[in-house]
Amino acid sequence: MLTNMINLPNFKILDMKESADDYRFLVESTTLPPSHCLKCGTVANLYKHGKKQQLFFDLPMHAKRVGIYVNRQRYKCRECNETFFENLPDMDVNRSVTNRLINWIQEASLEKTFTSVAEEIGVDEKTVRNIFNDYVAELEAQTDFRTPKWLGIDEVHLLKNYRCVITDVENKSVIDILRKRNKDVVISYLSRLQDIDKIELVAMDMWNPYKSAVKLVIPHAKIVIDKFHVVKLANEALEKIRKANRQNVSAKERRQLMRDRYVLLTRRKDLNDFDNQIKLQIWTDMFPLLGQAYELKEQFFDIYEAESINEAYKLYQNWFSNVPKELMAYFEGLIKAMNNWEEEIFNYFNSPITNAYTESLNRLIKTMNHIGRGYSFETLRAKILFTQGYRKLKKKKKFKEVEVTFGKMLPDHFPNWEQTGYEWVYEEIYGADFSTLTKSMEEGTF
Ligand SMILES: [Zn+2]
């Protein structure tokens, strides 16, 4: 009767205590004594050598925490004089929890914070964290994300720190999130990638540590700075000029200038509304320098309409010569970037790849920062990378060549492979799909 209560048939329950929040069981093992010494292997030369009470935590029951005290038998060997404890096949003796609790903690720590999981079952937070970290290491070993042809390296501000998001630009998916964005971290990540020669292009932010890491580990890959990171600087220059002009106007005009800032940041061709065209006219008449800066911003964007890299270079040189002295300081950030990252920025005109997921990524990070309080960085990372439902997969077929190469050993060693009839099918994992992730966050199921 009591044995049924904990549902562990290898134990006999000797006693049970119940309090408001806890069950405490006292049990002993019912399995047969060991047939040989666990230290030297000698058969049938053991004797009992005292018992020790050890506490193991188990799954919560009836909303109470469950602790199981095991009167654990110790044996001594007459041959080698060593002592050892009896085996407890249902228990993880290093972590002092039942094996089934390990599985429960693995799932629960993806859903709740470590502290609340620990509280719910009675173990300390460190135990939950350790079990979770082991679990992630296991998942990582099992998962083989496909190395992308176009690798993306983006920085985000997540849980109070800058992190580095690694993406598959072509497939719009996340393949990793690195705790830090410094050079060593990126180098060590890139060095662990398989098939590194498959990477043709790397799209990145203008951040020197990324560039040095890529040049060192994948020197054959071409670095491309995304258009959006560059034109953003033109808009920033314009914003600086708008702000500088705030001092010269009345409070009312200042508010109006704030409200109309979007007009300045919009491309002229997108200003369809007549009202907005008038607004732009008023501000640029009132502040001629702001008008000139607007024109320069527009011209800069136009560089990206170029149809060849040579045309782009010409357009940029022309643009640069049009920047008047008075505006130089405002456009300094942009001009510096164009000098420091010239090659990578102009690579775009030969390989116009772009992070079409930037907006999804930003939304994703915003939501994670919102729900992420109390979660560790590792948890959020694992939730994204290892939740099956978020993955982008493609089934690939291979025929005879694979059979000849690998023979029958395949399924065990390559968990993603299966044989259907005469063909081998395997799944390629492209990381976590951006649109699936954002959808899940919007629906509140993340
Ligand atoms: Zn022995």
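Mentor: The domain assignment, automatic or from a database, gives domain 1 (2–93) and domain 2 (227–349). Taken over C-alpha atoms, the centres of domain 1 and domain 2 are 74 Å apart. Keep in mind that this is a predicted model: local features need pLDDT of at least 70, side-chain atom pairs count only at pLDDT 80 or more, and totals for chains, interfaces and linings use all residues. Residues are numbered from 1 along each chain as its sequence is written, and side-chain values use heavy atoms, with hydrogens and water left out.

Now the zinc ion. Its protein donors are Cys37 (SG), Cys40 (SG), Cys77 (SG) and Cys80 (SG), lying 2.3 Å from the metal. Donors here means N, O and S atoms within 2.8 Å of the metal (3.2 Å for Na, K and Ca); water is not among the atoms, so sites may look incomplete. The four donor atoms subtend angles of 107 to 113° around the zinc ion, so the arrangement is tetrahedral (for four donors, all angles between 85 and 135 degrees). Along the chain, the spacing of the donors reads C-x2-C-x36-C-x2-C. Cys77 is buried, because its relative accessible area is 0%, while Cys40 counts as partly exposed at 38%; buried means under 20%, exposed over 50%, partly exposed in between (1.4 Å probe, protein chains only).

Key
Tetrahedral: all angles 85-135°; square planar, octahedral: opposite > 155°, others 65-115°.
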